[in-house]
Amino acid sequence: NDLSRQIEEAFGFDGLGLIVIKDYPEYQEKREKILRAIRQFALLPEDTKEKYTVPQAHFSIGWSHGKEKMKNGIPDFAKGSYYARPHADVITEDETLKAEYPATYLDNVWPKTECPELEHAFKDMAKVQIDLGLHMCKLFDRYLHQQTEGKHEMGRFYDMLKDSVAYKGRMLHYFPVEPELNSSIDGLCGWHLDHGCITCLLSPLYLDLEGNTLPKPGECGLYVKSPRNGSVNKVDIPADCLVIQLGEFFQILSGGLLRATPHCVRSSKSLNITREQLAVFMDCPPTQALELPEFSLPREEVFNTPFLPDGVPELKSRIVGADTYREFAKNTFKAYLK
């Protein structure tokens with residue numbers, strides 16, 4: 001079907017940079033397995049989890065807890081993340097590449113003994129998210145082909161992503177925290193933009209301390225800044241839905257016709273509730289050139305993010321010296337970890 005109107009409403013200048021997808025077959029069972037596996041790993045002893053940290057990858061492979069900075073430079077102990085590539089544990093044997101771009105090329109690490117279900121549930125769920133992401137690429141291609149009178153080639157985004165090795169999943173466990181640490185909407189997961197091409201999110205799972213499923217607390221959710229007027233919009237993802245968000249690199253490669261948006265996440269203010277989530281980031285090949293298409297909007301429009309929240313590094317500052325996606329990604333990791 002031609003969904004150009006929906007694409008423009010979601011990802012154009014007045015959109016929130018995301019679209020909701022409903023009723024994917026077998027989604028609920030896969031979702032439940034991975035989100036419970038994330039909690040299981042997060043509750044392991046600290047010394048066990050520490051075995052699966054990879055500092056040289058800027059903590060973007062394996063376990064990360066307290067390494068990222070929240071606003072005002074405070075270490076983020078409110079959530080733990082487990083990063084892995086969903087389609088291949090090893091993507092290169094080139095040790096030079098691994099040393100130069102560790103966050104992009106280092107191998108996956110898995111707790112095969114302590115929590116073996118984490119790997120299997122993650123890869124199973126991520127296949128669904130990747131399938132949806134590639135379908136969205138076809139819709140983006142059709143929309144841009146129409147908008148540019150054929151200057152954007154049909155299949156460009158789809159072909160770019162379908163053979164990419166640069167996908168990465170982030171499994172998230174939000175620990176219970178003191179209410180005063182979560183008094184603002186960006187207290188636990190600060191304002192940011194995804195820097196890649198496409199992000200696919202599940203509907204999060206809320207659990208009590210015994211692991212029983214709970215209804216979503218009213219204050220929890222994904223909060224997105226409108227590029228039109230700077231308003232903050234709360235986005236709830238129903239249990240039978242997934243969300244596709246746009247990343248900054250597709251904003252660049254679309255010449256600004258598709259827009260990424262600042263967003264943050266608020267978890268529960270209760271000391272008895274945890275939040276589980278899985279985001280899969282679908283990125284282009286690491287050597288993809290960072291360049292504007294011939295039909296691009298003016299450069300200053302493409303690299304501007306309206307109503308950028310305080311503390312979020314500007315896109316134009318992170319493209320300095322970057323000729324490829326991997327260089328842009330490296331700049332971005334450094335900017336957010338300062």
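Predicted model: local features only at pLDDT ≥ 70, side-chain atom pairs only at ≥ 80, totals over all residues.
1. Four strands make up an open sheet. Their order is β5-β11-β8-β9. The pairing is antiparallel. At the edges sit β5 (189-192) and β9 (232-235), and each of these pairs on one side only. From one strand to the next, the twist averages 25°.

2. Which strand pairs with β5? The partner is β11, residues 263-266. The two run in the antiparallel sense, and 2 bridges hold the pairing on record. For a specific contact to inspect, take C189: its bridge partner in β11 is V265.

3. **Salt bridges overall.** How many salt bridges does a search of the whole structure find? The count is 19.

4. **K22 and D240.** These side chains meet in a salt bridge, with an N to O distance of 2.7 Å. The pair links distant parts of the chain, 218 residues apart. K22 belongs to strand β1 (residues 18-22). D240 lies in the loop between β9 and β10 (241-246). β9 is also an edge strand of the sheet in point 1. Is K22 buried or exposed? K22 has a relative accessible area of 51%, so it counts as exposed; the cut-off is over 50%. D240, at 22%, is partly exposed; buried would require under 20%.

5. **K49 and E46.** Here the closest N and O atoms are 3.0 Å apart. Both residues are in helix α3 (residues 46-50). They are 3 residues apart, so about one helical turn separates them. K49 is buried, because its relative accessibility is 1%. In this pair the lysine is buried, whereas K22 in the previous point is exposed.

6. **K162 and D163.** The side chains of K162 and D163 also form a salt bridge, at 2.9 Å from N to O. K162 is partly exposed, with a relative accessible area of 35%. D163 is exposed, at 57%.

7. Which residues do salt bridges with shared partners join into one network? They are D89, K112, E119 and K123.

8. **Where to look.** For a link between distant parts of the chain, view K22 with D240. For a buried lysine in a salt bridge, view K49 with its partner E46.

Conventions. Residues numbered from 1 in each chain as written. Heavy atoms only, no water. Pairing = 2+ DSSP bridges. Axes fitted to C-alpha atoms, helices over the stretch in contact; angles between N-to-C directions. Salt bridge = Lys/Arg side-chain N within 4 Å of Asp/Glu carboxyl O. Buried < 20%, exposed > 50% of the residue type's maximum accessible area, 1.4 Å probe, protein only.
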